[in-house]
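Open the model in your viewer and keep the sequence panel beside it. The tour below says what to select at each stop and what is there.

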Amino acid sequence: MLVLGVESSCDETSVSIVRDGKEVLSNAINSQIDIHKKFGGVVPEVASRNHVYQVSMIFEEALEQAGVKPEEIDLVAVTMGPGLIGSLLVGVNAAKTFALLYKKPIIGVHHLAGHIYANAIEHDMKFPAVALLVSGGNTELIYMKDHFSFEIVGETLDDAVGEAYDKVARVIGLPYPGGPAVDKLAHEGEDTYHLPRVYLEDGSYNFSFSGLKSAVINLAHNASQRGESINPKNLCASFQASVSEVLVNKTFRLAKEKNVKQIIVAGGVSANKGLKERFTKENPGFEICIPSIKYCTDNAAMIAVAGYYQYQKFKKVDGLSLNAYASLDLEELYEI
Ligand code: KG4
């Protein structure tokens, strides 16, 4: 089965063709990072305009790279939310146009399901599983009994991990997106600042990162007021140590409680080297799946793969009335 995936929820325009939910024939991506860099974050209106400009070219590139004719596609899968509404609408309308033109079935995919299923490209997913989803907008611990069964067991009460990384980077004077830059510096420094580890008193699986982020900001501001300098490498290492310790410990605790067969790490922050290292070092014996970097950040291959499994599970497609949604509840969308 050949699935054509389309992703445009934020600042990446991407189209991919994947065979049988596994073999990535193409994964064409246009990233707008360089455009948004000068604003220090994604500007929604600028993002939608660039998606409009890029989308037809990216469709052509994906088909050409895969050596596939539009007529050969069996299913179109597109991110329907959550994300920036103007950006999502470009991908959804382009996918619907393709489906209408070539008389293909179309299926709307939840962006976070896409991130989780990025793991099915390089691993065989096993259930029950626990997924740690860490991105610029989300931090969630999800229990999966089976394919497309999502139970959110923990989530952030304030900032998402990626968001905290981006803000800390800005305070230290690193470029957007901050995650990769903080990750790189962290590896050159040491955990000397001993920042708090926020486990939350209720013993829940929820997360909170705003206190930690404020601790870093205060440290930097206080130092500058006293005319002292901070050590950016050690500050990044200390921040990363605090974040990864809490994420990894809570994930292992849930994995033990649910006696899972696999731990899945997904989303942009799963590209973080410090997080990967801690998962490996502290692993009490679980199979841990983390995608390669190219499948960690937003891409259409993960949407094509999720679309494939979603279709296998529900045997249901959407019509051309398919719409885009800025907010979309993962559990509700796939409620069985
Ligand atoms: O999943 P993603 O590409 O977009 C969405 O949020 O949907 O995630 C982007 C986030 C950004 O906040 C970026 O700073 C963070 O992922 N990120 C990282 C790393 N690479 C990307 N954070 C920490 N370490 C990294 N190596």
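Start by selecting Lys-103, which lies just after α3 and takes a positive phi of about 50 degrees. Keep in mind that this is a predicted model.

Step back to helix α3, residues 85–101.

Now colour the buried residues of α3, among them Leu-88, Val-92, Ala-95 and Phe-98. Lys-96 is also one of the buried residues. Show what surrounds them: the buried residues of α3 pack against β1 (2–7), α2 (44–66), β4 (75–81) and β5 (106–110).

Select β1 next. Six of its six residues are buried. Leu-2, Leu-4 and Val-6 are on one side, with Val-3, Gly-5 and Glu-7 on the other, so both faces of the strand are covered.

Which strands pair with β1? Strand β2 (residues 12–19) runs antiparallel to β1 and is joined to it by six bridges. The pairing of β1 with β4 is parallel and has four bridges. Here Gly-5 has Ala-77 of β4 as its bridge partner.

For the last stop, go to helix α9 (residues 232–258) and select Ser-242. Is Ser-242 buried or exposed? Its relative accessible area is 2%, and buried means under 20%, so Ser-242 is buried. Leaving out residues up to four places away in sequence, Ser-242 touches Leu-195, Pro-196, Arg-197 and Leu-212.

Terms used. Residues are numbered from 1 along each chain as its sequence is written. This is a predicted model: local features need pLDDT of at least 70, side-chain atom pairs count only at pLDDT 80 or more; totals for chains, interfaces and linings use all residues. Side-chain values use heavy atoms; hydrogens and water are left out. Helices (H or I, at least four residues) and strands (E, at least two) are DSSP runs, numbered from the N terminus. The expected span of a helix is 1.5 Å times one less than its number of residues. Buried means under 20% relative accessible area, exposed over 50%, partly exposed in between (1.4 Å probe, protein chains only). Contact means heavy atoms within 4.5 Å. Two strands pair if DSSP finds at least two bridges between them.
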